[in-house]
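Dear colleague,

Please find the structure below, followed by a short account of what was found in it.

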Amino acid sequence: MAPATTPTFRIGLGLAAVGRPGYINLGRERDLPAERTVDAMRARTHELLDAAYARGVRYVDAARSYGRSEEFLADWLKARPDADDVVVGSKWGYTYTADWSTEAEHHEVKDHGLATYERQRAETDALLGDRLDLYQIHSVTPDSPALTDERLHERLAEAAAAGVTIGFSTSGPAQADAVRAALAVTVDGEPLFRAVQSTFNLLETSAAPALAEAHDAGLTVIVKEGMANGRLAGPHAPDALRAVAAQTSLGCDAVALAFVLRRPWAGVVLSGAATTGQLASNLRAAAADLDEDQLARLDALAEDPRAYWARRGQLPWH
C-alpha cells in the first residue's frame, strides 16, 4: 500500500455509496442529489475524490458491482495526472444488475467462478488499466468456490506475477472462518492473497482475531463498513456512542472510525462518505484520542454477529 505521508493516510475512500443510485446505507435520501443521474453521481464522486486527495487520502476502493464506480474513478484519474500516488483497489465477483435503478429486484448477482473473473478483469482493465493496484475477490464466505478453485488460483497468481496485488473481501457472520481459509490458499507453495478487506465496527467485532492473524502473516488489512452502513452515524447512533462523542467534541462517525483505527492490525480504514462534509468529519478520526473508560463503553456495544448480519440483510436499498 502507499507509504504514510499525512496523518490521514490510514483512511481510504470507498465508492460503494456514490457509484450507483441505490445502496443500503441509511440517510441516502438526505445525502445525495434528488435526481441521481449518472452525471450527478459522477460529479459527486469527483467532488469527494478531490476533497479526499487534498486531505491526504491515498487509497480508493471500487468494485465491478458498485455501478459505475470504476468508470467515475478512471475519469477522475485521467483528469488528475498529479494524483499518481493514489493506490487503486477494485473487486470482482458481483455483477451489477440494477441498470441504474433504485427499484430493481436484484441489484447485484454473486459468482466467484473463473469465467466471471475473466470477464470482469477485462472490464476493469478497460477502465483502470495499469492504475489498478489491488484486485479483490468480492465477499468471500467459507463456502465460496474461490477458496478451492485451483484454476482460478493459477490465474490470480499470474496477475500477481504481473504486478497486481491479489486480495479478498469478506462478509457474513463467519468472516473469521473465511479469512483463515483464505490464508491457507497457496500457489506453488506461496500464499496467494496479500490483502484482506473485512467488516469491523463497534457492532461487529467478530473478525478481529482472524484479521490480527492475517496482519501477522503479512497481509494488508482493509476495514470496510466501519460505520455499519449508517447505523453508527449521528441520527442512528447508540446512546453510548453519542455520550463518548459529546465528551470528545467529535461526531459519532469520527469516534466510531477512531475505535477501528486503534486496532494495530488495521492498515486502512475506509470512509464511505457520500458528502464532503461527511468526509471531513470522518477524517477527524485520525486525531481522536479515546481513553480506556470510553473504549470500554464502546466495546460493550458489540452484537452477536448473526444478529448483526441479519439486521444488515434487512436494510432496504435506498
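Strand β10 (residues 195-199) is largely enclosed by the rest of the structure, because five of its five residues are buried (under 20% relative accessible area, with exposed over 50% and partly exposed in between; 1.4 Å probe, protein chains only). This is a predicted model, in which local features need pLDDT of at least 70, side-chain atom pairs count only at pLDDT 80 or more, and totals for chains, interfaces and linings use all residues. Residues are numbered from 1 along each chain as its sequence is written, and side-chain values use heavy atoms, with hydrogens and water left out.

From β10, the residues A195, Q197 and T199 point one way, V196 and S198 the other. In a regular strand the side chains alternate between the two faces of the sheet.

β10 runs parallel to strand β7 (residues 165-170), to which three bridges join it, and G167 is opposite A195. Five bridges link β10 with β11, also in parallel; there, Q197 has I222 as its partner. Strands count as paired if DSSP finds at least two bridges between them; helices (H or I, at least four residues) and strands (E, at least two) are DSSP runs, numbered from the N terminus.

Three bridges pair β1 (residues 11-14) with β12 (residues 268-271) in the parallel sense, and L13 has S271 as its bridge partner.

Finally, N229 has a phi near 55°, a positive value in a residue other than glycine. N229 lies in the loop between β11 (220-224) and α8 (239-248) and is buried, at 5% relative accessible area.

With kind regards
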